[in-house]
Amino acid sequence: MALPLLLLLLASGAAACPLPCVCQNLSESLSTLCAHRGLLFVPPNVDRRTVELRLADNFIQALGPPDFRNMTGLVDLTLSRNAITRIGARAFGDLESLRSLHLDGNRLVELGTGSLRGPVNLQHLILSGNQLGRIAPGAFDDFLDSLEDLDLSYNNLRQVPWAGIGAMPALHTLNLDHNLIDALPPGAFAQLGQLSRLDLTSNRLATLAPDPLFSRGRNAEASPAPLVLSFSGNPLHCNCELLWLRRLARPDDLETCASPPGLAGRYFWAVPEGEFSCEPPLIARHTQRLWVLEGQRATLRCRALGDPVPTMHWVGPDDRLVGNSSRARAFPNGTLEIGVTGSADAGGYTCIATNPAGEATAQVELRVLALPHGGNGSTEGARPGPSDIAASARTAAEGEGTLESEPAVQVTEVTATSGVVSWGPGRPADPVWMFQIQYNSSEDETLMYRIIPASSHHFLLKHLVPGADYDLCLLALSPATGPSDLTATRLLGCAHFSTLPATPLCHALQAHVLGGTLTVAVGGVLVAALLVFTVALLVRGRGAGNGRLPLKLSHVQSQTNGGPSPTPKTHPPRSPPPRPQRSCSLDLGDTGGCYGYARRLGGAWARRSHSVHGGLLGAGCRGMGGSAERLEESVV
């Protein structure tokens, strides 16, 4: 019987260890080693008595409560270098004995409030090398009193739960290096009396708030736990705000200054204390005076320069600090916005810019133009809306029975999106404070309002809906003479108009193309006419030049020096040979033929050019007495 019982115990022990893992039972502590096994999830048949569970270098993607249920004796859990992207709520809820949790090298993006609930005795939490961008404020609440080592390095954190970290009295090591942290709250480490190493390397810290923690480490004998501080690789702005740190003269890493330009690149601990200076605030521009209508939004602006950047505040007319509320909002850049103004908001405002080097102030005046209020004294102080003004004006008009002679309201120059509203000057006896236009369209029942100064008598409406019908009324707002006035508005008239339909794009394009074609055609006709005219002028000028040439040659040949006419001589040919000449004897036969040809040639030139040279050509040929040689040169 002993042999079957032994085999049964061995079989049960083998079943308790997952097939791809290696289990070791040393001195009553079971270790389950499942690293590098290609696991896609936590093996479900892990022995619940396991003390050490190693699941590193696998492909596990998510963790949930069933994965570690009833493993109350687990002390060391390693999940490094997996592909974990999500940790379910209370996934470690039963791990009350857990001391070390390694989650580094995964793909965690966020830790919720319940992601790490359960391990109340956790001492080492390693979350480095993830993609964490947010950690919920209460994520570390279950092990604040026991945690000794917290590693959040190499993540994308801009903020960490400072309140929770500051409440860890047993914390020894805090690694926040290689993140995107740009500011540390004052006193964030004041309660960490056991902290011995703080790594803030390679963040975006431009300044560090004073903290008594940093003074530890100047004298190792005076402090039982000297602090090793590293904050190199940050863009430190070396001004008066870091003077307290410079006076500590700590022998830490080689921190350098990134700004201001005069100190950029210099070793932080080598810069003299006198060069850590600041510039007092200077208000560069601000709103000097602002008028708004009652009920409208008021925006007061104030811009200041200084080093460091000044903090902006506003003081109201009642000498109280203006804070954010349902009606007003103060922005960090110095802008104060009042959503709905009232008469109580009018007065002088003070813009205050402060920094460690001093402060600067500027005065801004706000005037609220109250709308005239209708009704009796019981409603005094209430602000009627524009629709109330229109209603009171119409009621007053109906009470008068008939409208008195008022200027007609006309809408002219109407296009698809605009129209010009014009009206007359009104009754001289009634003072007008301002005009109000109310209109709406058939496309949208929303009533639109426009406030116009009393000096204007026309207004251009823009951004109308194409192809819509509009109803428009014009009211005159007059200052109330007393609280018993029935109305402070007067209806001047109403008009109805319709906007033009929108022009289709294809029609506009067709008109554009036709216009361009017509322009090209007209231009082509003009160019062709100009070319014909130019050719005609050239032909005419060439013909006139050919008619004058024979006379010039003939006269040159007939010039004498007072003696008898020389007998023409035959000259030897020159090189290159002259062009072949056309003689009268070859072309026309006898002299009589030459005479007839010269007459016909002279008549043709006279009819075509009406020039004197054409007439002289005929006369010269008739009077040359049969000289064939002279005629020959004149017709070449």
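The chat below goes through some strands, side-chain contacts, aromatic pairs and salt bridges of a predicted model.

Student: What kind of model is this, and how are residues numbered?
Tutor: This is a predicted model, where local features need pLDDT of at least 70, side-chain atom pairs count only at pLDDT 80 or more, and totals for chains, interfaces and linings use all residues. Residues are numbered from 1 along each chain as its sequence is written, and side-chain values use heavy atoms, with hydrogens and water left out.

Student: Where is threonine 350?
Tutor: Threonine 350 is in strand S24, residues 347-355. Strands here are DSSP runs of E with at least two residues, and helices are runs of H or I with at least four residues, numbered from the N terminus.

Student: Is threonine 350 buried or exposed?
Tutor: Threonine 350 has a relative accessible area of 16%, so it is buried. Buried means under 20% relative accessible area, exposed means over 50%, and partly exposed is in between, with a 1.4 Å probe and protein chains only.

Student: Which residues does it touch?
Tutor: Leaving out residues up to four places away in sequence, threonine 350 touches His313, Trp314, Val315, Thr361, Ala362 and Gln363. Contact means heavy atoms within 4.5 Å.

Student: What joins the side chains of threonine 350 and glutamine 363?
Tutor: A polar contact of 3.2 Å. That term stands for a pair of N or O atoms within 3.5 Å; within protein, one must be able to donate a hydrogen and the other to accept it, and residues adjacent in sequence count only if both atoms are side-chain atoms.

Student: Changing topic to sheets. What order do S19, S22 and S23 take?
Tutor: The three strands form an open sheet in the order S19-S23-S22, with antiparallel pairing. Its edge strands are S19 (298-300) and S22 (328-330), each of which pairs on one side only. Two strands pair if DSSP finds at least two bridges between them.

Student: How many bridges are there between S22 and S23?
Tutor: Three bridges pair S22 with strand S23 (residues 336-338) in the antiparallel sense. Alanine 328 stands opposite isoleucine 338 in S23.

Student: What about S2 and S3, parallel or antiparallel?
Tutor: Strand S2 (residues 29-33) and strand S3 (residues 50-54) pair in the parallel sense, over four bridges. The bridge partner of threonine 32 in S3 is leucine 53.

Student: And which residue in S5 stands opposite leucine 53?
Tutor: Leucine 77 in S5 stands opposite leucine 53. S3 and strand S5 (residues 76-78) run parallel and are joined by three bridges.

Student: How many aromatic pairs are there?
Tutor: The count comes to 10 aromatic pairs. Rings of Phe, Tyr and Trp (its six-membered ring) pair if their centres lie within 6.5 Å; planes under 30 degrees apart count as stacked, over 60 as edge-to-face and the rest as tilted.

Student: Why is the pair of phenylalanine 231 and phenylalanine 268 edge-to-face?
Tutor: Their ring planes are at 90°, with centres 6.3 Å apart, so the pair counts as edge-to-face. Phenylalanine 231 lies in the loop between S14 (228-230) and S15 (236-237) and phenylalanine 268 in the loop between S16 (257-259) and S17 (279-286), so the pair ties together parts that are 37 residues apart in sequence. Both phenylalanine 231 and phenylalanine 268 are buried.

Student: What about phenylalanine 231 and tryptophan 269?
Tutor: Phenylalanine 231 and tryptophan 269 also form an edge-to-face pair, at 6.5 Å centre to centre and 70° between the planes. Both residues of that pair are buried. Phe231, Phe268, Trp269 and Phe276 form one aromatic cluster.

Student: Next, salt bridges. How many are there?
Tutor: There are 12 salt bridges, where the term means a side-chain nitrogen of Lys or Arg within 4 Å of a carboxyl oxygen of Asp or Glu. One of them joins aspartate 47 and arginine 49, with the closest N and O atoms 2.8 Å apart.

Student: Are aspartate 47 and arginine 49 buried or exposed?
Tutor: Aspartate 47 counts as buried at 12% relative accessibility, whereas arginine 49 counts as exposed at 63%.

Student: What about arginine 54 and glutamate 52?
Tutor: The side chains of arginine 54 and glutamate 52 meet in a salt bridge of 2.4 Å, N to O. Arginine 54 is partly exposed at 39% relative accessibility, and glutamate 52 is buried at 17%.
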